[in-house]
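Visitor: I have a structure open and would like to learn how to read it. Can we go through it feature by feature?

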Amino acid sequence: RPQATTEHTHAMTLKLITAPTTEPVTVAEAKVQCRIDSDITADDGLPGTLITAARQQAEHMIGRSLITQTWERVLDGFPEAEIELGWPPIIAITSVTYIDAAGDSQTLASTAYSLDTDLAPGWLLPAYGTVWPATLDTTGAVRVRFTAGYGAASDVPGAIKAWILLKIAELYVG
């Protein structure tokens with residue numbers, strides 16, 4: 001969604017809250033790709049480290065979350081319209097909290113906003129017929145916590161998994 005250049009834009013930060021608990025490929029798959037004997041367990045930590053590094057590089061390159069993870073978009077205030085979330089595919093909004101004009105922390109009701117997952121990178125909009133509430137003029141006044149990713153390892157597209165396996169082999173040999 002385009003942003004108007006004449007409007008004041010609020011500072012935004014995106015931070016990882018909860019990293020994925022699994023990886024898109026297994027240590028066994030990485031060992032096969034690297035031609036490491038499956039009976040050798042002394043090197044099991046290395047393929048695991050390479051898997052994480054390759055997944056993180058893939059996510060960075062494509063700008064997407066692969067396995068379910070939790071992110072938080074932090075803004076200094078609500079924008080005029082929509083909030084760009086980032087790191088699609090967006091699964092769900094966990095919470096929208098803000099510091100109101102009186103300085104009190106508030107949680108926005110889920111009926112007060114709408115999630116658009118059809119247009120990447122995912123957008124949060126005020127519910128139809130509403131506007132965002134007023135916030136205190138302070139850093140980090142708005143926090144949108146959300147989950148993103150394809151889901152489990154089996155949900156990650158095969159082409160991405162294949163690239164990860166190739167990258168693991170490249171890192172292992174290099």
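**Strands, sheets and helices**

Guide: Strand β6 (residues 113-116) and β7 run antiparallel, joined by 4 bridges. Keep in mind that this is a predicted model.

Visitor: How many residues lie between β6 and β7?

Guide: The two strands form a hairpin with 6 residues between them. Look at glycine 122 in the turn: its phi is positive, about 95°.

Visitor: What strand order does the sheet with β7 have?

Guide: The order is β3-β7-β6, in an open sheet of 3 strands with antiparallel pairing. β3 and β6 are the edge strands, each with a single partner, so one side of each has no neighbour in the sheet. On the β3 side, 2 bridges join strand β3 (residues 83-84) to β7, again antiparallel. There, glutamate 84 has tryptophan 123 of β7 as its bridge partner.

Visitor: Where do the side chains of β7 point, and are they buried or exposed?

Guide: First the general idea. Side chains in a regular strand alternate between the two faces of the sheet. Now the case here. From strand β7 (residues 123-126), Trp123 and Leu125 point one way. Leu124 and Pro126 point the other way. All of these are buried.

Visitor: On to the other sheet. What is its strand order?

Guide: This open sheet has 5 strands, ordered β1-β2-β8-β4-β5, with antiparallel pairing. The edges are β1 (12-18) and β5 (105-107). Each has a single partner strand, so one side of each is left without a neighbour in the sheet. Neighbouring strands are turned against each other by 25° on average, direction ignored.

Visitor: How many bridges join β2 to β8?

Guide: There are 7 bridges between strand β2 (residues 69-75) and strand β8 (residues 142-148), which run antiparallel.

Visitor: Now the helices. How is a packed pair described?

Guide: Two packed helices are described by the angle between their axes and by the distance between those axes. Take helix α1 (residues 27-34) and helix α2 (residues 45-62): the angle is about 95°, and the axes are 9 Å apart. α1 and α2 are therefore roughly perpendicular to each other. The contact has 4 nonpolar residues, 1 polar and 1 charged. Val27, Ala30 and Lys31 in α1 meet Pro47, Gly48 and Ile51 in α2.

Visitor: At what angle do α2 and α3 pack?

Guide: α2 and helix α3 (residues 158-173) pack at about 125°, with axes 9 Å apart. The two are therefore oblique to each other. The crossing of α2 past α3 is right-handed. Among the α2 residues in the contact are Leu46, Leu50, Ile51 and Met61. The α3 side includes Ile160, Trp163, Ile164 and Leu171. By class, this contact holds 14 nonpolar, 1 polar and 2 charged residues.

Visitor: One last residue. Where is valine 173 placed, and is valine 173 buried or exposed?

Guide: Valine 173 sits in helix α3. Its relative accessibility is 72%, so valine 173 counts as exposed.

How values were computed: Residues numbered from 1 in each chain as written. Predicted model: local features only at pLDDT ≥ 70, side-chain atom pairs only at ≥ 80, totals over all residues. Heavy atoms only, no water. Axes fitted to C-alpha atoms, helices over the stretch in contact; angles between N-to-C directions. Parallel < 35°, antiparallel > 145°, perpendicular 65-115°, else oblique. Contact = heavy atoms within 4.5 Å. Nonpolar A, V, L, I, M, F, W, Y, C, P; charged D, E, K, R; others polar. Left-handed = near helix turned anticlockwise from the far one by under 90°. Pairing = 2+ DSSP bridges. Buried < 20%, exposed > 50% of the residue type's maximum accessible area, 1.4 Å probe, protein only.
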